[in-house]
Amino acid sequence: LLDKYKFDFIFHLAAISDTRVYDQEIVMRTNVNTFTDILEIAQSHNATLVYASSAAVYGNLPSPQTEGSEDPQNPYGYSKYIMDKMSHNFSLKHPKAKIVGLRFFNVFGPREYFKENTSSMVIQLGHQILDGKAPRLFENSHQISRDFIYIDDVIQANLKACVSEHNGTFNIGTGISRNFQEIADILQKELNTDLGTEYFPNPFDGYQSNTQANITSSIKKLGFKPNFSLEKGIKAYIPEILRLHKSENL
């Protein structure tokens with residue numbers, strides 16, 4: 001079907017992205033096997049391929065996470081690690097191919113709501129607050145942090161990857177780690193609420209305590225520069241959070 005079209009650029013963002021899906025066969029078949037076809041299609045069209053990799057390739061390695069040191073701990077992270085290896089080997093075999101993998105850290109922003117339980121903490125906590133409930137966090141959430149990146153910066157990275165002269169895989173985050181408690185507090189400030197916080201035990205074993213993207217290579221080779229802090233991103237997201245909550249409660 002795709003052979004009917006002529007592509008200059010291909011953005012490949014589809015995947016089973018839930019890190020709690022442990023069926024290795026379906027994850028590898030969906031994420032990895034199809035990537036072989038995408039690589040061949042891009043090659044046949046002489047198209048630039050920009051695909052979604054993930055910070056999950058780093059597993060529980062200490063921060064900051066840096067390209068070249070990977071240790072995936074679940075099928076999803078492993079599938080992305082294999083995709084990165086595939087793209088590297090394909091580039092060696094086809095020196096003129098243009099392939100860029102973007103290792104997204106914790107993305108949040110409009111158009112994610114369809115992901116339901118795998119949507120960002122920002123939208124989920126925002127709706128809890130708008131329901132009049134205290135945001136629910138794991139115990140010791142002030143010690144659990146992530147590199148949260150707003151969708152506009154992700155779009156920027158995709159566009160800059162199209163015109164970069166460099167192949168490879170690149171971290172796409174802010175380079176700054178922020179804790180879970182800060183998200184709840186910023187949301188309550190923006191929504192003008194004071195509901196406190198409800199804490200519950202973390203049910204997951206081996207839960208990653210910190211992510212922080214080393215974006216040195218992304219800045220140098222892609223010209224990537226994040227523009228949205230966590231505060232700025234949440235503030236920009238608030239109108240959409242309010243709209244979605246209203247539509248869910250009509």
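**Entry 1. The strands around β2**

I began with β2 and β3, which run parallel and are joined by 6 bridges. I note at the outset that the model is predicted. Within this pair, I found Leu-49 opposite Ile-99 in β3. I then followed the chain and recorded that β2, α2 and β3 form a right-handed β-α-β unit.

Next I looked up the pairing of β2 with β1, which covers residues 9-12. These two strands also run parallel, and 4 bridges join them. Here Ile-10 stands opposite Leu-49 in β2. The chain passes from β1 through helix α1, residues 24-45, to β2, and I noted this β-α-β crossover as right-handed.

I then asked how many residues of β2 are buried.

**Entry 2. From β3 to β8**

I turned to the pairing of β3 with β8. The two strands run parallel and are joined by 5 bridges. Val-100 stands opposite Gly-168 in β8. Strand β8 is mostly covered, with 4 of its 5 residues buried.

**Entry 3. The second largest pocket**

I looked up the second largest pocket and recorded about 210 Å³ of space in it. Its lining has 14 residues. Which of them lie nearest the centre of the pocket? I found Asp-84, Ser-87, His-88, Gly-168 and Thr-169 there. The elements that each give two or more residues to this lining are α2 (75-93), β3 (99-104) and β8 (168-172). Helix α2 supplies the largest share, 6 residues. Sorted by class, the lining has 3 nonpolar, 7 polar and 4 charged residues.

**Entry 4. Helix α4**

I checked the length of α4, residues 151-163. This helix has 13 residues and reaches 19 Å from its first C-alpha to its last. That is close to the 18 Å expected at 1.5 Å a residue.

I then listed the buried residues of α4: Asp-153, Val-154, Gln-156, Ala-157, Asn-158, Ala-161 and Cys-162. For reading such a list, I wrote down a general point: an α-helix has 3.6 residues a turn, so residues three or four places apart point the same way.

Ala-42 lies in helix α1. Is Ala-42 buried or exposed? Its relative accessibility is 5%, so Ala-42 counts as buried, the cut-off for buried being under 20%. The C-alpha atoms of Ala-42 and Ile-99 are separated by 8.8 Å, although these residues are 57 residues apart along the chain. Ile-99 is the β3 residue that I had already noted opposite Leu-49.

Ala-15 is placed in the loop between β1 and α1. Ala-15 has a relative accessible area of 31% and is therefore partly exposed, a class that lies between under 20% and over 50%. I also recorded 16 Å between the C-alpha atoms of Ala-15 and Tyr-113, which are 98 residues apart along the chain.

**Entry 5. Backbone angles in the loops**

Where did I find a cis peptide bond? A cis bond joins Ser-63 and Pro-64, with omega about -5 degrees. Pro-64 lies in the loop between β2 and α2.

Glu-116 is a residue other than glycine with a positive phi, near 55 degrees. Glu-116 lies in the loop between β4 (106-108) and α3 (121-130). Its relative accessible area is 59%, so Glu-116 is exposed.

Asn-140 also has a positive phi, near 65 degrees. The loop that holds Asn-140 runs between β5 (136-138) and β6 (145-146). With a relative accessible area of 47%, Asn-140 is partly exposed.

Key:
Residues numbered from 1 in each chain as written. Predicted model: local features only at pLDDT ≥ 70, side-chain atom pairs only at ≥ 80, totals over all residues. Heavy atoms only, no water. Expected span 1.5 Å × (residues − 1). Buried < 20%, exposed > 50% of the residue type's maximum accessible area, 1.4 Å probe, protein only. 1 Å grid on protein atoms, 1.4 Å probe; cavity = no way out; pocket = protein on both sides within 12 Å on 5 of 7 lines; lining within 4 Å. Points joined across faces, edges and corners; volume = space filled by probe spheres on them. Nonpolar A, V, L, I, M, F, W, Y, C, P; charged D, E, K, R; others polar. Pairing = 2+ DSSP bridges. Right-handed = clockwise from strand over helix to strand, strands pointing away.
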